[in-house]
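Open the structure in your viewer and keep the selection tool ready. We will go from ring to ring, then into the core, then out to the whole chain.

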Amino acid sequence: MEMQEEIVRHRILEIRSAILYNVSEAPKPFSSGLITAVSYGNDGSLFFFASCPQFLTAEDKRFPGVLVFFKKGNTYFITLNGMAELLHVNEEGIPITDGAPEGVLPSADSDKMALFRFRIDKIECTDHSVPSSGFLKRIRTAVYSWF
């Protein structure tokens with residue numbers, strides 16, 4: 001199990017970008033959006049930056065979410081289910097340091113960034129590099145490729 005976790009960790013940091021989905025039942029100040037993963041903590045949590053909405057209340061700082069890591073050209077994608085927690089918001093261009101692992105800084109091109117910690121509950125890694133087996137599957141694939 002340890003080796004599989006290390007492979008997933010390596011693949012996540014290789015892809016680095018994902019789509020964050022807020023799956024809570026409450027009104028959603030954090031809608032779907034692109035994130036950039038920057039660090040994978042020793043406790044299994046993932047740190048990332050995302051744009052922060054304009055209006056934010058204290059109740060909006062934790063929500064269940066799904067992260068989908070996919071990169072064009074890769075044969076795999078990774079889906080993470082867990083709890084996202086807002087650690088800090090960069091509103092005045094001051095580097096975010098509260099609660100962040102060492103060396104984690106937001107990109108300079110963004111005006112208002114938020115640092116999140118994502119506590120992972122479930123990991124799904126799907127790899128499509130294994131060729132389909134079976135005579136009928138190969139024929140079906142060949143027919144679809146003609147169209």
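Start with the aromatic rings. Rings of Phe, Tyr and Trp (its six-membered ring) pair if their centres lie within 6.5 Å; planes under 30 degrees apart count as stacked, over 60 as edge-to-face and the rest as tilted. By this rule there are three aromatic pairs.

Select Phe48 and Phe118. Their ring centres are 6.5 Å apart and their planes meet at 55°, so this pair is tilted. Phe48 sits in strand S3 (residues 45–51) and Phe118 in strand S6 (residues 113–127), 70 residues apart. Strands (E, at least two residues) and helices (H or I, at least four) are DSSP runs, numbered from the N terminus. Both Phe48 and Phe118 are buried. Buried means under 20% relative accessible area, exposed over 50%, partly exposed in between (1.4 Å probe, protein chains only).

Next, select Phe63 and Phe116. This pair is edge-to-face, with 6.3 Å between centres and 75° between planes. Phe63 belongs to strand S4 (residues 62–70) and Phe116 to S6, 53 residues apart. Both Phe63 and Phe116 are buried. Now show Phe48, Phe63, Phe116 and Phe118 together: ring pairs link them into a cluster.

This is a predicted model: local features need pLDDT of at least 70, side-chain atom pairs count only at pLDDT 80 or more, and totals for chains, interfaces and linings use all residues. Residues are numbered from 1 along each chain as its sequence is written, and side-chain values use heavy atoms, leaving out hydrogens and water.

Move to the core. A nonpolar core is a set of buried Ala, Val, Leu, Ile, Met, Phe, Trp, Tyr and Cys residues joined through side-chain atoms within 4.5 Å. Which residues of the largest one touch the most other members? Select Leu46, Leu67, Phe69 and Leu80, out of 25 residues. Strand S5 (76–90) is among the elements that each supply at least two residues. S5 gives the most, six residues.

Zoom in on Leu80. Not counting residues up to four places away in sequence, its contacts (heavy atoms within 4.5 Å) include Ile12, Phe69 and Phe118.

Finally, show the whole protein. What is the order of its elements? From the N terminus on, they run α-β-β-β-β-β-β-α. That is two helices and six strands. Of the 147 residues, 33% count as buried.
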